[in-house]
Amino acid sequence: MNKILLIFISFLFFLTSCASVEGPISKKHFSSKENLEYLEEVLLYNRKKYVEHHKNLKPYIKKAILEGRIVKGMNKAEVKASWGEATNSYRSVTNNIVIEQWIYKDNIDLATLEKRDYYLNFREGILRSWQ
């Protein structure tokens, strides 16, 4: 039974996977607060596993990931560990500089249960800004 639960949690991780911003929950089919809280527990488990496997993280990045937040200076893997997969992403190259925008659409704020979109901007693989 524990093995099945672990496989399920791992599967969810791969589907989800200001100075800081709290992370979104991006599963449209989770409609009740209880379901959202359960999903948050699963995401927290995955964040802890990421931090355990990446012992050289800067302390403020480690703290942000564990809290489900993003901070400027995170790389793409760290953002993905904290917030999971983006809904969409766009990439462009100008003067040999790679710029990406990740979009988290229709994410549900756990406190208010309101939907909100987030736009994260990366330059050369590093999070620079969001709106």
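Before I go on, a word on what we're looking at. This is a predicted model, where local features need pLDDT of at least 70 and side-chain atom pairs count only at pLDDT 80 or more, while totals for chains, interfaces and linings use all residues. Residues are numbered from 1 along each chain as its sequence is written, and side-chain values use heavy atoms, with hydrogens and water left out.

Okay, back to Arg69. That residue sits in strand E2, residues 69-71. Helices here are DSSP runs of H or I with at least four residues, strands are runs of E with at least two, and both are numbered from the N terminus. So is Arg69 buried or exposed? Arg69 counts as buried because its relative accessibility is 17%. The cut-offs are under 20% relative accessible area for buried, over 50% for exposed, and partly exposed in between, using a 1.4 Å probe and protein chains only.

Let me show you another two. Glu52 and Lys49 meet through their side chains at 3.7 Å, N to O. Both lie in helix H2, residues 33-53, and they are 3 residues apart, about one turn of the helix. Glu52 is partly exposed at 43%, and so is Lys49, at 32%.

Then there's Lys105 with Asp117, a salt bridge at 3.0 Å, N to O. This pair links distant parts of the chain, as Lys105 is in strand E4 and Asp117 in strand E5, 12 residues apart. Lys105 is partly exposed at 31%, and Asp117 is partly exposed at 26%.

Now zoom out for a second. The protein chain has 4 helices and 6 strands, and along the sequence they run α-β-α-α-β-α-β-β-β-β. Of its 131 residues, 36% count as buried.

Last topic, the rings. Rings of Phe, Tyr and Trp (its six-membered ring) pair if their centres lie within 6.5 Å; planes under 30 degrees apart are stacked, over 60 edge-to-face, and the rest tilted. That gives 3 aromatic pairs. In one of them, Trp83 and Tyr104 have ring centres 5.1 Å apart and planes at 85°, so they sit edge-to-face. Trp83 belongs to helix H4 (residues 76-83) and Tyr104 to strand E4 (residues 97-108), so this pair ties together parts 21 residues apart in sequence.

Trp83 pairs with Tyr118 as well: centres 5.1 Å apart, planes at 70°, so again edge-to-face. Tyr118 lies in strand E5 (residues 115-123), so here the tie to helix H4 spans 35 residues in sequence.

And how buried is Trp83? Its relative accessibility is 2%, so it counts as buried. Tyr118 is buried too, at 8%. Put together, ring pairs link Trp83, Tyr104 and Tyr118 into a cluster.

Terms used. Salt bridge = Lys/Arg side-chain N within 4 Å of Asp/Glu carboxyl O.
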